[in-house]
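The following exercises are to be worked from the sequence and the coordinates. Each task is followed by a solution in steps.

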Amino acid sequence: MRRSTKILAVFFSAACIIVIITKPETYIASAFTGIKLWATTVVPSLLPFFFFTALLSATGITEKISEIARKPCGILFRSGGVSAYAFLMSVLSGYPVGAKIIGDLGENNLITPDEATRLSAFCSTSGPLFIIGSVGFGMFGNKYCGYVLFLSHVLSAFLTGVIFRFYGEKSPSGKTVLSRKKQSNVLYDCVYGSVISIAVVGGFICVFYVVADAATNLRLLYPLEYLMNLIVKNKSASSAFCSGLIECTRGCKLLSLCGLSTYSLAFACCLISFGGVSVLFQSLCFLKKANANTAIFIAAKVVQTVISFGLCLLFYPLFIG
């Protein structure tokens, strides 16, 4: 860690501790809300996916999928066919399953760091359960909103992958490296790894719920909200969007309270594609195992966010009118 990063981390941590001490009842409640969300929603929905994706990677099915999809993935993403598996599981499962798969593939020497970086540009997505069910129908009260969001989100991820195909070098011979580290007890390793991973996700959710509340209460996001309001001329939507940059779910909920409109839905699509700081840190935690380039991953998420905004504006009149 660089000296400047260490100093920033010290000041940030100290400030958060002071804020929590001044109003412990407020931030204990925030932490509890985050833990409750994790225990009742995230664990049941993600833990099985974590286990089965790890098991698939360990049993060698990824190589078979890689061979089938090698040519189209090489043309589109300049990566091995294993990227098709990572993208499919990411789209079906949601954050941060795609990043975890990339981390597992890298840790098992199935992909190179450059290929892991290219995969991270399009294999880090939210899932249909959250987008269509929770945001579209649950928050905006319209399943067609969910369809617009999901289509815009997935297509933007695909296009981002095509854009970032030029990063780095190909894997040897343009194929996935098939050497894999040995595992003595596959089931135990998959369960253990999945439980540790889901616990890490829970920790991030808890911490960033507290950070999001602190930022809101201290008006730390006000300068960004002010600039956003100058552009969109909607104070509520600006505030909701800026809040969602820290924690995506909170931002989407607040945007839905602003009423259904082209821009409220498009901003929600931006937040889902970006994921919020909480999801970014969760993803980076897994991507580090594959030595993926952090700066390129974040740049790709920004590009995807912009593309998803435009696609949502395009699809909104077609599905909702």
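**Exercise 1.** Is the crossing of α7 and α8 left-handed or right-handed?

*Solution.* The model is a predicted one. Two packed helices are described by the angle between their axes and by the distance between those axes. Helix α7 (residues 128–139) packs against α8 at an angle of about 140 degrees, and the axes are 7 Å apart. Because angles count as roughly antiparallel over 145 degrees, α7 is oblique to α8. The crossing of these two helices is right-handed.

**Exercise 2.** Determine which salt bridges join K100, D104, E107 and K289 into one network.

*Solution.* 
1. D104 pairs with K100, with 2.9 Å between the closest N and O atoms. Both residues lie in helix α5 (residues 97–107), four residues apart, about one turn of the helix.
2. E107 and K289 meet in a salt bridge at 3.7 Å, N to O. This pair links helix α5 with the loop between α14 and α15, across 182 residues.

**Exercise 3.** Classify D104, E107 and K289 as buried, partly exposed or exposed.

*Solution.* D104 has a relative accessible area of 9%, under the 20% limit, and is therefore buried. E107, at 34%, is partly exposed. K289, at 31%, is also partly exposed.

Methods
Residues are numbered from 1 along each chain as its sequence is written. This is a predicted model: local features need pLDDT of at least 70, side-chain atom pairs count only at pLDDT 80 or more; totals for chains, interfaces and linings use all residues. Side-chain values use heavy atoms; hydrogens and water are left out. Axes are lines fitted to C-alpha atoms, for helices over the stretch in contact, and angles run from 0 to 180 degrees between N-to-C directions. Angles under 35 degrees count as roughly parallel, over 145 as roughly antiparallel, 65 to 115 as roughly perpendicular and the rest as oblique. A crossing is left-handed if the near helix is turned anticlockwise from the far one by less than a right angle, and right-handed if clockwise. A salt bridge is a side-chain nitrogen of Lys or Arg within 4 Å of a carboxyl oxygen of Asp or Glu. Buried means under 20% relative accessible area, exposed over 50%, partly exposed in between (1.4 Å probe, protein chains only).
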